[in-house]
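Please keep the sequence and the coordinates open while reading.

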Amino acid sequence: MFHFIWYILVGLVAGILAKSVMHTHMTIFWTIVLGVIGSILGGAITHIFSRPANERYHPAGIIFSTLGSILVLFICYKLKIHFPQI
């Protein structure tokens, strides 16, 4: 159960950072969804290049989660996909 709460918290932080960098406005729900998708994308990229010593936490987790969220926002911007705003 704590694992899902951790996904939501990391997703929220990564989503807030990504939407701040990309100057995008969206609801808190879509911010969390964006962050979780970015976390999955960033985690997949990090695990391809280096596996963590312990299987639970990667040191660059929040950084690559944010970069993955920025990438998702950039792709959505190029495809003209808009999120619900506040």
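On a 1 Å grid over the protein atoms alone, a pocket is an open set of points where a 1.4 Å probe fits, with protein on both sides within 12 Å along at least five of seven lines, and its lining residues have an atom within 4 Å of a point. Grid points are joined across faces, edges and corners, and a volume is the space filled by probe spheres set on the points. The model is predicted, so local features need pLDDT of at least 70 and side-chain atom pairs count only at pLDDT 80 or more, while totals for chains, interfaces and linings use all residues. Residues are numbered from 1 along each chain as its sequence is written, and side-chain values use heavy atoms, with hydrogens and water left out.

**Second largest pocket**
- The second largest pocket has a volume of about 240 Å³.
- Its lining consists of M22, H23, T24, H25, L73, C76, Y77, I81, H82, F83 and Q85.
- That lining divides into 6 nonpolar, 5 polar and no charged residues, where Ala, Val, Leu, Ile, Met, Phe, Trp, Tyr, Cys and Pro count as nonpolar, Asp, Glu, Lys and Arg as charged, and the others, Gly among them, as polar.

**Overall fold**
- The secondary structure comes to 3 helices and 0 strands, in the pattern α-α-α along the sequence; helices (H or I, at least four residues) and strands (E, at least two) are DSSP runs, numbered from the N terminus.
- Buried residues make up 30% of the 86 residues in the protein, with buried meaning under 20% relative accessible area, exposed over 50% and partly exposed in between (1.4 Å probe, protein chains only).
- Among contacts (heavy atoms within 4.5 Å) between residues at least 6 apart in sequence, 68% join residues at least 24 apart.

**Helix α3**
- Helix α3 (residues 61-78) has 18 residues and should span 26 Å at 1.5 Å a residue, which agrees with the 26 Å between its end C-alpha atoms; the expected span is 1.5 Å times one less than the number of residues.
- The buried residues of α3 are S65, T66, G68, S69, I70, V72, L73 and C76, and they pack against α1 (2-21) and α2 (28-49).

**Loop between α1 and α2**
- M22 lies in the loop between α1 and α2 and is partly exposed, with a relative accessible area of 25%.
- Leaving aside residues up to four places away in sequence, M22 touches I70, L73 and F74; the C-alpha atoms of M22 and I70, 48 residues apart along the chain, are separated by 7.1 Å.
- H23 lies in the loop between α1 and α2 and counts as exposed because its relative accessibility is 70%.

**Positive phi values**
- Most residues other than glycine have a negative phi.
- H23, which is not a glycine, has a positive phi near 55°.
- K80, also not a glycine, has a positive phi of about 60°; K80 is found in the segment after α3 and, at 66% relative accessibility, counts as exposed.

**Aromatic pair**
- The structure holds 1 aromatic pair, formed by F29 and W30, which is edge-to-face at 5.2 Å centre to centre with 75° between the planes.
- Rings of Phe, Tyr and Trp (its six-membered ring) pair if their centres lie within 6.5 Å, and planes under 30 degrees apart count as stacked, over 60 as edge-to-face and the rest as tilted.
- F29 counts as exposed at 53% relative accessibility, whereas W30 is partly exposed, with a relative accessible area of 29%.
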